[in-house]
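Work through the exercises below with the sequence and model open. Each task is followed by its solution in steps.

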Amino acid sequence: MPTELTLAAMKQLPYAELDSIVREHGGSFLAVGNALMLIRDSGGYMPEFKTFEAYAADRLGYSRARAYGIMDAAGVANRLLTKSPRVTVSVSGIQDTTYPRNAYQAIELNSLPEDQQVDCWLDVVEECREKNERITGKAIAAKVKAYLELADGGDGRSEERRVGK
């Protein structure tokens, strides 16, 4: 078992070890999401399963939406880890309170362009600390909405609606 469950640390693991991570680390969305991505991308689920979706459903009991949602959340978390030195994680758990604590927190950021996800996340962390509040999916969703409205011209309307198209 690797000491870090980041995508880079897990890339060389064989299918059997990745499959074990998925089945044994249900609480770690980063480890599970990274393992799922590697299994999907390598075709490691074959020949036992014809498709990745069949692997997810039959072996893990995951719907397609759940499997891809966990992978999306891990993708966001990987971007946070690689683009911000203030965000770290290890197999033993959270080392830095600026790391998303669950897949829901990470997936909320996925509706933003990749280049805005880290800034948005760090803004949420800072605002919650200033208010002495827990970081919640609701707080993240509100900040994401503000970022999206700003991109739409500050009023929450798309460019087409502003110009009357």
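**Exercise 1. Compare the span of H8 with the expected span.**
Step 1: H8 has 15 residues. Helices are DSSP runs of H or I, at least four residues, and strands are runs of E, at least two, numbered from the N terminus.
Step 2: The expected span is 1.5 Å times one less than the number of residues.
Step 3: H8 reaches 21 Å from its first C-alpha to its last, close to the 21 Å expected.

This is a predicted model: local features need pLDDT of at least 70, side-chain atom pairs count only at pLDDT 80 or more, and totals for chains, interfaces and linings use all residues. Residues are numbered from 1 along each chain as its sequence is written, and side-chain values use heavy atoms, leaving out hydrogens and water.

**Exercise 2. Find the buried face of H8 and its packing partners.**
Step 1: List the buried residues (under 20% relative accessible area; exposed is over 50%, partly exposed in between; 1.4 Å probe, protein chains only). They are Gly 137, Ile 140, Lys 143, Val 144 and Tyr 147.
Step 2: Look down the axis of H8: these residues fall within an arc of 130°, so they line one face. The arc is taken from the directions from the helix axis to the C-beta atoms.
Step 3: Turn to the face away from the buried side. It carries the exposed Lys 138 and Lys 145.
Step 4: Identify the partners. The buried residues of H8 pack against helix H6 (103-108) and H7.

**Exercise 3. List the contacts of Leu 109.**
Step 1: Contact means heavy atoms within 4.5 Å.
Step 2: Leave aside neighbours within four places in sequence; Leu 109 then touches Val 76, Leu 80, Gln 117, Cys 120, Trp 121, Ile 140 and Val 144.
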